[in-house]
Amino acid sequence: MFRLPQFPLYATWLDKLGWWAVRALCVAVLAYLLAPILVMVPLSFSESSFLAYPIHGWSLKWYQHLFESPEWARATRNSFIVAPAATLIATVLGTLAAVGLSRSDFRFKGLIMGILIAPMVVPIIVVGVATYLYFAPLGLADSYFGLIVVHAALGAPFVLTTVLATLAGFNHNLVRASLSLGETPFNTFFRITLPVIAPGVISGALFAFATSFDEVVVTLFLAGADQSTLPRQMFNGIRENISPTIAAVATLLILFTTALLLALEWLRGRRA
């Protein structure tokens with residue numbers, strides 16, 4: 001159960017003042033950072049055709065337009081095709097890489113680890129240009145396969161680091177005991193290792209899903225009109241014609257992302 005930190009037994013009034021001041025500052029900073037995001041929510045219910053305050057009337061017509069528009073329907077469908085597929089690949093590869101790196105200590109292990117997590121630190125515009133130049137001659141540009149592969153590569157480092165952190169507290173004697181009793185390595189992994197590290201695997205998968213679902217730069221380089229995802233559709237809408245429909249999409253994405261974060265926090269609490 002979560003408990004607020006208690007004051008020291010002999011805390012002075014100055015200590016208590018500092019305690020509340022730090023927390024008030026944190027709340028103020030968070031409110032400042034969240035304000036631009038939350039501003040979009042009321043605009044999605046405006047009856048006006050422009051994104052402007054004050055709001056003179058309320059309407060759900062932009063949500064209706066969102067659900068009836070073929071462009072937004074296609075973008076939503078593509079997002080829910082690419083993101084789950086990329087998440088599945090990233091989760092499998094990231095988990096296997098984490099298990100392999102945690103079990104052995106070999107030469108160039110640090111170099112391999114650096115290469116695997118490189119997509120987290122390389123500027124995304126560099127990734128977009130490089131993948132386009134590599135995939136275009138192979139005919140993988142403007143294809144679901146190429147988009148899924150790149151999104152999986154971007155999400156795998158999150159799975160790798162999360163699972164590695166979980167394996168840091170894993171008791172490998174459980175694996176040795178299972179193998180000594182005649183169980184195969186395959187069954188040992190699925191019956192012993194995976195259930196223990198499952199919270200870390202699921203947390204990494206959620207990060208990979210959010211990374212893929214929110215990616216727009218790589219999609220601009222690799223996706224054609226038929227592979228347009230929600231972030232790309234929003235980018236095109238902002239560039240061509242700013243409509244409150246974008247505010248409706250943003251509101252739904254805020255709710256969706258919040259649900260993912262709450263699920264991640266719940267898993268973190270169970271792991272703790």
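**View 1. The largest cavity.** About 30 Å³ of space lies in the largest cavity of this predicted model. A cavity is a set of points, on a 1 Å grid over the protein atoms alone, where a 1.4 Å probe fits but cannot get out. Grid points are joined across faces, edges and corners, and a volume is the space filled by probe spheres set on the points. A search of the whole structure finds 1 cavity of 30 Å³ or more. Its lining is formed by Ser79, Val82, Ala83, His151, Ser212, Phe213 and Thr229; lining residues have an atom within 4 Å of a point. Helix α4 gives the most, with 3 residues. By class, the lining has 3 nonpolar, 4 polar and no charged residues. Ala, Val, Leu, Ile, Met, Phe, Trp, Tyr, Cys and Pro count as nonpolar, Asp, Glu, Lys and Arg as charged, and the others, Gly among them, as polar.

**View 2. The largest pocket.** A pocket is an open set of points with protein on both sides within 12 Å along at least five of seven lines. The largest pocket holds about 350 Å³ of space. Of its 15 lining residues, Asp214, Leu253, Ile254, Thr257 and Thr258 lie nearest the centre. Helix α13 supplies the largest share of this lining, 7 residues. The classes are 11 nonpolar, 3 polar and 1 charged.

**View 3. The largest nonpolar core.** A nonpolar core is a set of buried Ala, Val, Leu, Ile, Met, Phe, Trp, Tyr and Cys residues joined through side-chain atoms within 4.5 Å. Buried means under 20% relative accessible area (1.4 Å probe, protein chains only). The largest core has 27 residues. Val150, Val163, Leu167, Ile197, Val218 and Leu222 have the most contacts inside it. Helices α4 (70-103), α7 (124-135), α8 (144-167), α10 (185-214) and α11 (217-222) each supply at least two of its residues. The largest share, 10 residues, comes from α8. Helices are DSSP runs (H or I, at least four residues), numbered from the N terminus.

**View 4. Around Leu167.** Beyond its neighbours within four places in sequence, Leu167 is in contact (heavy atoms within 4.5 Å) with Ala98, Val99, Ser102, His172 and Ile197. A second, separate core of 18 residues includes Ala75, Ala248, Val249 and Leu253.

**View 5. The loop at Asp142.** Asp142 lies in the loop between α7 and α8. Its phi is near 60°, a positive value in a residue other than glycine.

**Notes.** Residues are numbered from 1 along each chain as its sequence is written, and side-chain values use heavy atoms, leaving out hydrogens and water. Local features need pLDDT of at least 70 and side-chain atom pairs count only at pLDDT 80 or more, while totals for chains, interfaces and linings use all residues.

Terms used: Buried < 20%, exposed > 50% of the residue type's maximum accessible area, 1.4 Å probe, protein only.
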